[in-house]
Amino acid sequence: MSMTRLRFPDVEFPAGAQQLRVEVREFLDTQRASGGFVPMADCWASGFSAEFSRKLGQRGWLGMTWPKEFGGHERSFLERYVVTEELLAAGAPVMAHWIADRQSGPQLIKHGVPEVALAIVPRLAAGESFCAIGMSEPNTGSDLASVATRADKVPGGWKVTGTKIWSTGAHGCDYMIALVRTAPVDVKARHQGLSQLIIDLNAPGVQVRGIADIAGQVHFNETILDEVFVPETHLLGVEGGGWNLVVGELALERSGPERFLSTFIVLQEAMRLLINRPDERTCEVLGTLIAKIKTLRRMSLGIAGLLQEGKSPEMEAALVKEMSTRFEREVLEQLRVVVPQDALRASPGLLPVLLRDAILRVPSSTLRGGTNEILKGMIARQLGLR
Ligand SMILES: Cc1cc2nc3c(=O)[nH]c(=O)nc-3n(C[C@H](O)[C@H](O)[C@H](O)COP(=O)(O)OP(=O)(O)OC[C@H]3O[C@@H](n4cnc5c(N)ncnc54)[C@H](O)[C@@H]3O)c2cc1C
């Protein structure tokens with residue numbers, strides 16, 4: 001078993017990054033002060049606001065790294081990092097565009113038929129159209145090669161039939177990039193015969209049904225596809241080559257700062273409360289959490305640097321996601337101990353709601369985008385341990 005070294009290169013923010021950070025912070029302060037949004041925990045997976053996403057599109061903060069011909073801004077991955085971490089730290093409602101900006105746009109640009117990509121991607125960059133991920137199915141999660149959604153060849157394309165599940169945001173999206181079976185399963189090569197198709201969620205035969213989460217809110221869906229016609233121009237890459245595309249997409253899905261910043265707004269608000277009553281235990285807990293964030297951010301920035309070099313850092317992303325999502329749980333477990341209940345009850349600020357919502361949602365962190373057990377298996381293989 002060969003072992004490839006995991007790399008987290010040192011990166012330097014480009015000139016202008018600090019100015020960009022100031023601009024984003026000013027924009028967010030203005031938006032928040034004028035009621036444009038109320039900060040929320042897990043904002044990238046539960047704060048769907050098409051209006052807010054459009055405002056970001058108008059500022060040039062979506063599709064930042066994409067070519068100009070696709071409506072992008074040809075800026076660096078590190079500049080994109082500055083914008084995304086500021087949005088997350090503020091708890092802004094960024095869910096509508098998050099998937100398109102993070103992975104679907106890049107997939108379309110890299111693997112789509114140019115005319116189709118040119119028709120869709122500029123609208124993603126403008127925050128006027130959004131995308132969902134169609135990987136999981138009722139009987140397919142960790143073992144993604146077992147997807148059973150079938151694409152049957154018909155003149156000019158395919159008829160797609162099956163059910164996708166947990167499709168985040170699909171109720172507000174125009175497109176889903178779905179992993180489907182375009183050839184029967186070969187038990188000796190299960191990863192073959194899969195393809196990624198762009199599904200128009202407004203097409204006949206598509207039914208998107210909301211699934212309420214533990215807080216009673218609908219963020220994800222069951223997406224039923226009943227003989228949905230998909231034109232052959234809506235294939236990504238080559239027919240049967242979907243597995244490699246999915247692996248590349250998952251590296252983008254797992255690599256960003258959202259994996260350790262979903263609970264940052266809670267920590268920030270807790271610190272505002274605790275700053276006036278710093279006992280030794282509280283200082284120790286807060287100091288430890290901040291030190292861990294610094295470490296995770298350093299690693300995560302290294303991944304942005306690798307993306308900037310054109311690499312696909314699958315293993316590095318798996319490691320950072322596994323560590324980051326465990327950290328998010330730790331933040332809440334520790335805050336529950338050090339935030340005094342009487343102070344919380346008496347708190348006029350956002351903290352009680354943020355803490356409650358974050359506690360309800362955090363169990364999903366270690367599942368979505370690939371479970372920690374699966375990621376650990378990948379990392380162990382990479383390290384030559386299995
Ligand atoms: C909030 C949220 C949003 C999501 N959004 C999307 C989305 O937009 N699009 C999409 O396609 N999917 C989405 N998902 C689905 C997510 O990708 C799956 O939940 C995940 O891949 C796990 O699959 P599963 O739920 O079927 O669990 P299973 O695969 O059934 O796993 C159950 C348990 O068994 C463990 N396990 C399974 N196989 C192994 C193994 N080989 N070794 C060790 N342990 C194993 C797992 O770690 C887990 O603890 C979302 C999930 C959540 C929670």
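**Around the ligand**

Tutor: Let's begin with the ligand: 17 residues surround it, and the closest are Ser-136, Ser-142, Trp-166, Thr-371 and Glu-373 (a residue is near if one of its heavy atoms lies within 4 Å). This is a predicted model, where local features need pLDDT of at least 70 and side-chain atom pairs count only at pLDDT 80 or more, while totals for chains, interfaces and linings use all residues. Residues are numbered from 1 along each chain as its sequence is written, and side-chain values use heavy atoms, with hydrogens and water left out.

Student: How does the shell around the ligand divide into nonpolar, polar and charged residues?

Tutor: Ala, Val, Leu, Ile, Met, Phe, Trp, Tyr, Cys and Pro count as nonpolar, Asp, Glu, Lys and Arg as charged, and the others, Gly among them, as polar. Here the shell has 7 nonpolar, 8 polar and 2 charged residues.

Student: Which polar side-chain atom lies 2.6 Å from an oxygen atom of the ligand?

Tutor: One belonging to Glu-373. Thr-168 also places a polar side-chain atom 2.7 Å from a ligand nitrogen atom.

Student: And empty space, how do I find that?

Tutor: Rolling a probe the size of a water molecule over the atoms shows where empty space is left.

Student: What lines the largest cavity?

Tutor: Its lining includes Ala-41, Asp-42, Glu-328 and Arg-361 (a cavity is a set of points on a 1 Å grid over the protein atoms alone where a 1.4 Å probe fits but cannot get out, and lining residues have an atom within 4 Å of a point). That lining divides into 3 nonpolar, 3 polar and 4 charged residues.

Technical notes: Polar contact = N/O pair within 3.5 Å; in protein donor to acceptor, adjacent residues only side chain to side chain. 1 Å grid on protein atoms, 1.4 Å probe; cavity = no way out; pocket = protein on both sides within 12 Å on 5 of 7 lines; lining within 4 Å.
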